Amino acid sequence: MDIKESQALRSTLLQEIGKCRACRFCIDVCPSYQAAEWVENMSPYGRLQILKYLINGTLDEDDPLIYSLYSCLQCGRCDRLCKAKGQNLEVSKLIRLGKYLLSQGLVKGKKSEKV
Amino acid sequence: MDVNIAKLTKDLGKIVGKDHVRIDKPTSVVYAKDVMPWDLEEKNIPYAVVRPSNSQEISKLLKYANEKVIPVHIHGSGTSLVGLARPKTKGIILDTARMKKIRVYPERGYFEAEPGLHLVQVKKELAKYNAMLPLFPGSELVATIGGTVAVNTSAHGVDAALGKPGDFVLGFEVVLPTGEVIQTGTESTRRAAGIDPTKFFIGSEGLLGVLTLIRMRLIPLPYFQQIVAYYNKTEDIIDTVMEMYKQGIHPPLFYEFLDERAAKIGFEAVGLEEPIGAVAMMRIHSWSKAGSEEKAQDFLKFLQVGNPIEAKIVKDMDEWNQIWSSRAEAGNYMYRLGMTFGSEISPRVDKLKEAFHDAQLIVKNLKSYNNAEFISFGHIGAPTIHAYAFIPTKDISNDLKKALTLEMREKTEDLNIKYGGCGGEWGLTAQRVSFLKKKYGESLYELLVRMKKAFDPNDILNRGNLQGWI
């Protein structure tokens with residue numbers, strides 16, 4: 001992924017996550033939220049917020065953040081419950097893209113992007 | 001305020017167990033964020049999120065918070081539409097999610113639930129006993145019973161048909177802000193006459209205590225009938241509602257409407273043919289099947305006063321579910337191409353039409369944004385008008401989002417004052433303290449402040465919500 005592509009992906013993610021209204025309708029159907037005894041950062045809503053605040057610089061990459069994002073099972077249940085579905089918000093896909101960005105060390109446009 | 005996070009973590013761990021204390025920033029941010037459209041500020045982000053499992057742990061937590069004078073913000077599911085859920089100051093978030101026990105006592109005529117249960121889970125449990133939960137927010141999938149009773153929101157329910165949630169509460173276990181655990185109310189289905197402290201906590205928005213057990217009367221599941229009515233214009237629906245009250249017709253349990261624009265959006269969203277104008281949908285309940293059928297027929301006849309294009313009883317539940325979901329989807333799909341800034345106006349019923357026209361003018365003449373579009377839907381039979389200003393972009397600054405929210409809130413609340421209402425769903429603090437002062441005067445506001453102080457001398461619980469934060 002080159003600089004242009006990673007910037008475009010970050011921008012797309014921010015724009016798409018901006019559609020999330022924080023209604024939390026998606027949380028109860030999430031198996032990882034259930035397994036974590038209903039901790040909200042282990043839910044689809046939580047992961048979208050974490051990605052947003054990571055990309056905009058409020059959050060740093062740390063273990064709890066990585067654990068939240070990587071515990072998503074990609075089952076897609078949240079996609080069916082998302083109240084913003086009129087906007088075609090594909091929650092699980094956004095989380096997958098966020099994980100990809102994170103795995104490439106590209107979230108804040110540093111490290112490998114400069115190579 | 002200087003807080004030693006390492007010490008705080010250790011202390012809180014001793015109270016609720018270290019696995020149930022989170023101090024990482026991702027968790028704090030996720031819990032602090034709410035439905036309000038602008039981003040969090042540093043002051044909103046808590047030191048820690050704690051997740052107690054019972055009233056004893058909450059008692060210890062609140063005693064500790066008092067000793068250290070650290071604010072505690074109660075978190076159910078964070079679905080409040082007026083900022084109740086966002087912490088206003090640095091502190092500790094008390095998440096009730098681990099408190100999910102429920103026990104139904106059919107022989108006693110009530111059930112007891114812990115606050116963290118989502119309404120849909122309570123409904124599911126009550127269904128086994130053929131009982132109805134009289135709480136109807138659109139967010140029932142995720143809203144907690146603790147939060148719903150603490151706000152005493154009617155939501156879809158028409159107050160005049162069934163009452164408010166608090167009317168069914170028999171008693172509470174409450175942890176006071178200073179840590180004492182108290183019981184209120186009764187175990188009988190006969191509620192107390194005279195001073196019943198249960199009522200202090202109904203609608204108290206978490207300012208006076210933490211509800212740790214809610215005892216509610218079991219309501220036998222009624223029989224329902226559904227009606228949909230199509231109109232040329234919204235005014236015809238409003239005329240019908242006004243006439244319903246004037247004639248003393250018993251109101252339906254749910255009486256929703258979509259204005260011309262919202263009806264088009266909602267019907268398209270659920271794959272229904274676009275209606276000509278506005279749409280009203282009603283759910284009628286009765287304790288017998290024959291009674292519900294008779295009531296629905298009578299109401300259908302009454303609806304002719306508003307000259308509907310068509311009004312019919314819907315028997316097919318698939319068809320009804322599609323029609324009914326258009327109401328929720330209108331709000332969701334509207335958000336597709338921009339943002340909406342909402343309000344709740346609950347006027348005196350004989351002023352409903354005037355209030356509706358004034359609401360249209362407010363959106364048309366907004367100062368903070370030119371050419372906002374007026375869209376409305378809501379629980380018209382209650383009566384509540386949700387007047388929305390729609391703007392065709394999401395790409396606006398936090399400051400403009402705040403300005404729009406405030407302007408809509410202030411101006412529509414002026415309508416509540418002008419037309420004698422006060423809302424009925426969203427709660428009266430957080431963003432609405434200025435409304436409280438304007439409508440009821442400083443004396444009443446000061447009374448509330450003194451009441452808060454009597455319960456919570458150090459202003460520990462939900463600090464900021466009674467100060468008029470935005």
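Student: Which residue is the bridge partner of F111(B) in strand 10 of chain B?

Tutor: M216(B) is the bridge partner of F111(B) in strand 10 of chain B. Before we go on, this is a predicted model, in which local features need pLDDT of at least 70 and side-chain atom pairs count only at pLDDT 80 or more, while totals for chains, interfaces and linings use all residues. Residues are numbered from 1 along each chain as its sequence is written, and chains are lettered from A and ligands numbered from 1 in the order in which they are written.

Student: What makes strand 6 and strand 10 of chain B a pair?

Tutor: Two strands pair if DSSP finds at least two bridges between them. Strand 6 (residues 110-113) and strand 10 (residues 210-217) of chain B are joined by 4 bridges and run antiparallel, so by that definition they pair. As for the names, helices (H or I, at least four residues) and strands (E, at least two) are DSSP runs, numbered from the N terminus.

Student: Why are strand 5 and strand 9 of chain B called edge strands?

Tutor: The open sheet has 5 strands in the order 5-6-10-8-9 (chain B), with antiparallel pairing. Strand 5 (102-105) and strand 9 (181-183) of chain B each pair on one side only. From one strand to the next, the twist averages 15 degrees.

Student: What packs on that sheet, touching strand 8, strand 9 and strand 10 of chain B?

Tutor: That's helix 3 (residues 55-68) of chain B, whose direction makes about 50 degrees with that of strand 8 (169-175) of chain B. Helix 4 (residues 119-127) of chain B lies across strand 5 and strand 6 of chain B, at about 30 degrees to strand 5.

Student: How do you know that helix 2 of chain B is largely enclosed?

Tutor: A residue is buried if 20 or more other C-beta atoms lie within 10 Å of its own, exposed if 12 or fewer, and partly exposed in between, with C-beta atoms placed from the backbone. In helix 2 (residues 25-32) of chain B, 7 of the 8 residues are buried, so the rest of the structure largely encloses it. Among them are V29(B), V30(B) and Y31(B). The cover includes helix 3 (44-55) and helix 4 (63-70) of chain A, plus strand 1 (21-22) and strand 2 (48-50) of chain B.

Student: How many residues of chain B are in contact with chain A?

Tutor: 26 residues of chain B are in contact with 27 residues of chain A; contact here means C-beta atoms, placed from the backbone, within 7 Å. Helix 2 of chain B gives the most to chain B's side, with 6 residues.

Student: Why is helix 9 of chain B called roughly perpendicular to helix 11 of chain B?

Tutor: The axes of helix 9 (residues 260-269) and helix 11 of chain B come within 7 Å and cross at roughly 100 degrees. Axes are lines fitted to C-alpha atoms, for helices over the stretch in contact, and angles run from 0 to 180 degrees between N-to-C directions. Angles of 65 to 115 degrees count as roughly perpendicular, under 35 as roughly parallel, over 145 as roughly antiparallel and the rest as oblique. That puts helix 9 of chain B roughly perpendicular to helix 11 of chain B.

Student: What is the average pLDDT of chain A?

Tutor: Chain A averages 86, and 89% of its residues score at least 70, pLDDT being the predictor's confidence in each residue, from 0 to 100. Over residues 109-115 of chain A, though, the pLDDT is below 50. Where pLDDT is low, the predicted coordinates should not be read in detail.

Notes:
Contact = placed C-beta atoms within 7 Å.
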